[in-house]
Amino acid sequence: MKKIDRETVQKILDTADIVDVVSDFVHLKRRGANYIGLCPFHNERTPSFSVSKSKGICKCFSCGKGGSSVNFLMELEQMSYYDALRYLAKKYHIEIKEHEMTEKEREEATERESMLAVSEFALQHFENNLNNTDDGRDIGLSYFYERGINEASIKKFRLGYSLEKRDDLSSTAREKGYNEKYLVSTGLCVQNEAGKVYDRFKGRVMYPIFSISGKVLGFGGRTLRKDKEVAKYVNSPETIIYRKSYELYGLYQAKQAIVKKDKCILVEGYMDVISMSQSGIENVVASSGTSLTEGQIRLIHRFTENVTVIYDSDPAGIKASLRGIDMLLAEGLNIKVMLLPEGEDPDSFAQSHSTSELEEYLASHEQDFIEFKTAILLQGAENDPIQRSKAISDIVRSISVIPDDITRAMYIKECSRRLEIDEKLLTRQVSKKIAERIEKEAQQRQRQIAKESLNDVENIEQTDAVDVELQDVIQEVQTSQPLVIVDNRDSKYLEPYEKEVLRYVLKYGMLPLCEVCDEEGNTAPMSVLEYVESELKDDDIKFTNSQYARVYEVACSVATSAFENDLAETEKRLKQNYAQMMNDGVAEIQKTATNLSDITMQEQMLESKCNELYNKGLYEFKMMYIVKNLISSPEDVVRHITTDLVSEKYVLSKVHTKYAKIETEQDRLDEFVPRAIYELKDAILECQLRDIRYRIKEIGTKSGNADELMSLMTKTMELQQLKGEFAKILGERIVAPRK
């Protein structure tokens, strides 16, 4: 196995556009300088996922997940660090230069990576069977051609064929060096009781199922035999890479069209998706024959709020699928439903109509869910009051799951008009349904809490016998005065202060903070990081929080290893831009200016603008240098903490900044950074004083320790005097940093 070299990694990180990358997975809307969308990491109806193009960071302010382009892919797609880099390299057409991995690096390859590699091999194997074997061409390709699927669609959806052999895939994979363990764990092969491994898919056309990023996760295989004893479809089982309830067939191919048209069309099967896509309706996905799940709905919601569900004309199938409409409504989606003519399904209908005919039919036959449900549920019940009452109750229940009050009220009004029922009566019934659901959910939560509590009690009872000594220790600690601050409690007390210092280092580390003089009186700029390093070193202060200590160590390393070279390259690029802008500007001025004084004035303005852009570019490079390096670090703790500390939820609107310059944090670094250092030092003194007080208390209960007691009291006075000096600097009211 090989590892990507540093130069390539840096090129990938510099090229990747966070907005571009996230947009492949989340529908983003611009809001001020940033972009927002629904968080892909948890279920939400109001967007809280923010993407900053300038900082190259995304962040959900509800669940806290996000990071750089690399971390976003790692979190969302469960990729390794280097797989995420390879994904970005492929996206931006960057050639990857690699070197051989060490033994330790090879050992770090995860089971997930191995399973994805085996699945990719299987995909290529099935494609090869379809196109380059006699059976594949005669059986598989003939079937697709007979169904009206052309070569372009076969390639787009990467369709394949599994040969009618028990060990075609497994034997070929073993020959290529793939571990049999992963053939079984992916579900591509099955192992019997005797330990024999054989292929799951035999004599079937193959439909690969992709993640949003294009990783093949599983397969669906359709038999072409007429034998009714053979299952028509065989699908990959649930694995650590393939969770059926969180995947939609065709979404990888459809996501851009869904965003472009701001609508997702939902069908049932593989061929429905392929045929409609081939006919020009590309914003279509399928639940692959399974009941629609919340996980699949959230996938759709990332890209659009508008969904059209297409049903064929089978009444039994339609009634069984109505639950999916309620689930879509509950997620806050706007639902339209369309029935196809009798005897048609999306596959056959798409094959027999042109793109324009399909689009026209969709536009003219879409119904809102009330109209659709009314027609389906009241069919044949016009003269049956009980049946009609049940149907209306079902429609009311659907309206009750809609989360938005205004949308719900509009549907109540519409339902009242169509069904000729008093609006107030419907409103009361909807409110009743909502109350019943809330009560039911509360009861379920209570049962879950009770169940967890029971488990806790059982666990405590099981451990009582072995924890007698521990209980004695706990009781002793609880009855004594809590003056001692042991190491882990010191760390907890100091954590917010250390966090604040680290935040300044990460956000502003390479920016100039002040001027320092040497012994000869020469001055030189000192950066924020240099100041913090100097202050901590002078007092021998180290971060007690091990994670903060590691992030600080990496930040210092980044600043000393490559900053000077990178700064020189940036200055060179900015000077080239400066010269080009000046040349172009002077040429334009000479074309349009009418006299010498006008030329001089415009050239001075141009030079001022060029200088401003040059200085701004240099400032932004320094400000973002540590952040850009650390948010894409291979180390999880470095990425996560950096993202958390440099993300900001709120930005001042243009209303506040239109008429006056608002002082920002970086405008007052010379005040804030020293204060953060002094607050940390003051907190460390407080920990030391608490420790001394505890020791004095211990000595007070014994005799013959007068000298030690006097020494501790002297030390207390020294520390209190030092705290007094800090109080003068910080002011009487010391405000602790945000916790």
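Strands β17 and β18 (residues 367–368) pair in the antiparallel sense, over two bridges. Here Lys 336 faces Asp 368 in β18 as its opposite residue. The model is predicted.

β17 (residues 334–339) also pairs with strand β16 (residues 306–311). That pairing is parallel and is made by six bridges. In it, Ile 310 stands opposite Met 338 in β17. As a general point, strands of a sheet pair through backbone hydrogen bonds, in either the parallel or the antiparallel sense.

Another sheet is built from β8, β11, β12 and β13, in that order. This sheet is open, and its pairing is antiparallel. Its edge strands are β8 (160–162) and β13 (233–235), each pairing on one side only. From one strand to the next, the twist averages 30 degrees. β8 joins strand β11 (residues 204–210) through three bridges. Ser 162 stands opposite Arg 204 in β11.

A helix covers part of this sheet's strand set. Helix α6 (residues 111–132) lies across β8, β11 and β12 (216–223). Its direction makes an angle of about 35 degrees with β12.

The strand pairs described above compare as follows.

| Pair | Sense | Bridges |
|---|---|---|
| β16 and β17 | parallel | six bridges |
| β17 and β18 | antiparallel | two bridges |
| β8 and β11 | antiparallel | three bridges |

Now the whole protein. It holds 30 helices and 20 strands. Of its 739 residues, 44% count as buried. Among contacts between residues at least 6 apart in sequence, 69% join residues at least 24 apart.

Terms used:
Residues are numbered from 1 along each chain as its sequence is written. This is a predicted model: local features need pLDDT of at least 70, side-chain atom pairs count only at pLDDT 80 or more; totals for chains, interfaces and linings use all residues. Side-chain values use heavy atoms; hydrogens and water are left out. Two strands pair if DSSP finds at least two bridges between them. Helices (H or I, at least four residues) and strands (E, at least two) are DSSP runs, numbered from the N terminus. Buried means under 20% relative accessible area, exposed over 50%, partly exposed in between (1.4 Å probe, protein chains only). Contact means heavy atoms within 4.5 Å. Axes are lines fitted to C-alpha atoms, for helices over the stretch in contact, and angles run from 0 to 180 degrees between N-to-C directions.
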